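This briefing is for a reader who is meeting the structure for the first time.

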Amino acid sequence: LVVDDESMMREMLAEVLEDEGYRVACAANGLEAMTYLRAAAAQPCVILLDLMMPVMSGWEFRQEQQHDPVIASIPVVVLSAMQNLAQEAKAIGVTGHLPKPIDFAKLLDTVRRYCAARH
Amino acid sequence: LANEVVLRSREREQALEREHATATENARLYQEARDALRLRDQFLSIAAHELKTPLTVLLGNIHLLQRRAIPHEPLSERNLRTIHRVGMQAERLNMLIGTMLDLSRLETGQFHLEQVRLDLGALVQRVVEDMRPMSESHTIVYTAPDRPLVVHGDVVRLEQVLQNLLHNAIKYSPLGGTVAIDLACMEGMVRIEVTDQGMGIPQDVLPNLFTRFYRAPNVDYRNISGMGIGLYIVKEIVTRHGGRVEIQSAEGQGSTFRLFLPEPDVDDLFNNRDARAEDEEQQQEYLGGR
């Protein structure tokens with residue numbers, strides 16, 4: 001699940017992953033992501049999360065996610081251009097972080113760790 | 001006499017008032033200057049952050065084009081070159097934005113190192129191998145002792161230092177030639193030496209070379225672009241590792257940059273083993289870096 005408010009960023013990330021054989025869902029902010037996750041029949045193997053987003057930010061999304069036992073254990077990797085990303089990622093207890101601009105080899109390595117089986 | 005005393009007292013009072021007014025004005029100007037600097041740094045930081053989003057999309061699409069071109073319908077040589085040029089320039093923009101952000105971090109005290117135990121030899125070798133394809137007219141020669149050279153350092157930042165010195169060596173040797181990088185151990189320090197056969201630097205300006213925004217006077221004549229920030233950041237990174245930077249050069253005779261980084265002593269390695277293991281685990285866990 002790719003969560004980013006920039007539509008071109010979502011499309012690009014989805015295409016990069018789809019080209020590798022993954023099935024990708026997208027959400028434009030934390031709230032859309034929560035709605036998707038609560039309705040989805042199968043949970044995604046990883047959530048790629050932007051932090052600065054309108055409606056519901058990445059920080060708010062993490063709070064909601066951690067309070068919902070059904071989705072709390074889905075690994076989250078933060079993708080952001082923020083300064084001090086390492087500290088931010090640690091503070092919200094996510095599994096990993098990748099700075100923007102993204103190193104695509106690292107992105108694919110990361111996704112491979114959580115989504116070993118291709119859909 | 002009484003009149004004179006009153007007169008002098010009044011004069012002194014007026015002088016004190018003037019001094020007070022000047023001091024107040026100076027304090028106000030000082031505060032304004034500080035606010036302006038803070039705003040500049042904030043602006044730099046926000047601008048760099050905002051620039052990264054379109055850059056990410058741009059780089060992502062270049063990645064897609066390159067990945068898709070190879071297995072299915074190979075693109076023509078001309079189109080491949082076009083994509084390559086777009087990619088190289090986008091990477092260049094990325095480096096420039098990174099440099100601006102580093103400058104802002106240094107100014108605002110937010111420049112932090114994430115240090116782990118690492119083999120400097122392996123790191124240098126990797127950087128050299130990554131750079132070889134970018135410099136067809138230069139020969140990069142790498143020499144090092146046949147054993148690990150352990151330092152306690154920030155992998156990403158030391159990589160940045162090495163890339164900067166090698167880029168400079170190539171950039172300021174426009175006619176090509178050999179760029180030599182040599183590693184050695186001496187007196188508890190690991191020394192990295194980068195030597196080029198380029199245009200060199202006039203000796204009288206060598207002390208200014210690590211100053212922010214400074215560029216050597218013989219550079220402008222040859223129209224080689226740059227911001228004069230790279231070596232300033234190199235020095236900051238090396239100093240924050242407890243090391244130092246030296247330079248030896250003369251105009252027209254090439255340059256040698258020497259970095260010295262402290263080798264952790266055996267007791268230190270032993271005492272910090274747990275902390276280090278924790279650092280390394282954390283690095284593994286938190287993929288990426290900055």
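Two strands count as paired if DSSP finds at least two bridges between them. Helices (H or I, at least four residues) and strands (E, at least two) are DSSP runs, numbered from the N terminus. This is a predicted model, in which local features need pLDDT of at least 70, side-chain atom pairs count only at pLDDT 80 or more, and totals for chains, interfaces and linings use all residues. Residues are numbered from 1 along each chain as its sequence is written, chains are lettered from A and ligands numbered from 1 in the order in which they are written, and side-chain values use heavy atoms, with hydrogens and water left out.

**The sheet of chain A**

- Chain A has an open sheet of five strands with parallel pairing, in the order S2-S1-S3-S4-S5.
- Strand S2 (26-27) and strand S5 (96-99) of chain A are at the edges with a single partner strand each, so one side of each has no neighbour in the sheet.
- Strand S4 (residues 76-80) of chain A runs parallel to S5(A), and four bridges join the two.
- In this pair, A:Val78 stands opposite A:His97 of S5(A).
- Helix H3 (residues 58-66) of chain A lies across S4 and strand S3 (47-49) of chain A, and runs at about 145° to S3(A). Such angles run from 0 to 180 degrees between N-to-C directions, and axes are lines fitted to C-alpha atoms, for helices over the stretch in contact.

**The sheet of chain B**

- In chain B, five strands make up an open sheet with mixed pairing, ordered S2-S4-S5-S7-S6.
- Its edge strands are S2 and strand S6 (244-249) of chain B, each of which pairs on one side only.
- From one strand to the next, the twist averages 15°.
- Strand S2 (residues 138-143) and strand S4 (residues 177-186) of chain B are parallel and share six bridges. B:Thr143 has B:Asp182 in S4(B) as its bridge partner.
- S4(B) is antiparallel to strand S5 (residues 189-196) of chain B, with seven bridges between them. Here B:Cys185 stands opposite B:Val190 in S5(B).
- S6(B) pairs with strand S7 (residues 255-262) of chain B in the antiparallel sense, over six bridges. B:Ser249 is opposite B:Ser255 in S7(B).
- H6(B) packs on the sheet and touches S6 and S7 of chain B, its direction making about 25° with that of S7(B).

**Helix packing in chain B**

- Helix H4 (residues 155-171) and helix H6 (residues 230-240) of chain B have axes that come within 10 Å and cross at roughly 145°.
- Which residues of H4(B) meet H6(B)? They are B:Arg157, B:Gln160, B:Val161, B:Asn164, B:Leu165 and B:Asn168, and on the H6(B) side they meet B:Gly230, B:Leu231, B:Ile233, B:Val234, B:Ile237 and B:Val238. Contact means heavy atoms within 4.5 Å.
- Seven nonpolar, four polar and one charged residues make up the contact of H4(B) with H6(B). Ala, Val, Leu, Ile, Met, Phe, Trp, Tyr, Cys and Pro count as nonpolar, Asp, Glu, Lys and Arg as charged, and the others, Gly among them, as polar.

**The interface of chains A and B**

- On the chain B side 29 residues are in contact with 31 residues of chain A.
- Chain B and chain A bury about 2600 Å² between them, and 56% of this is on carbon and sulfur atoms. Buried area is the accessible area (1.4 Å probe) that two parts lose on being put together, summed over both.
- The rule finds one salt bridge across this interface. A salt bridge is a side-chain nitrogen of Lys or Arg within 4 Å of a carboxyl oxygen of Asp or Glu.
- A:Glu20 forms a salt bridge with B:Arg67, with the closest N and O atoms 2.2 Å apart.

**Salt bridges overall**

- Over all chains, the structure holds 19 salt bridges.
- One of them joins A:Arg38 and A:Asp68, whose closest N and O atoms are 3.0 Å apart.
- A:Arg38 is in helix H2 (residues 30-39) of chain A and A:Asp68 is in the loop between H3 and S4 of chain A, so the pair ties together parts that are 30 residues apart in sequence.

**Backbone features**

- The peptide bond from A:Lys100 to A:Pro101 is cis, with omega near -5°.
- A:Pro101 belongs to the loop between S5 and helix H5 (104-114) of chain A.
- B:Glu187 is not a glycine, yet has a positive phi of about 45°.
- B:Glu187 lies in the loop between S4 and S5 of chain B, a hairpin with two residues between the strands.
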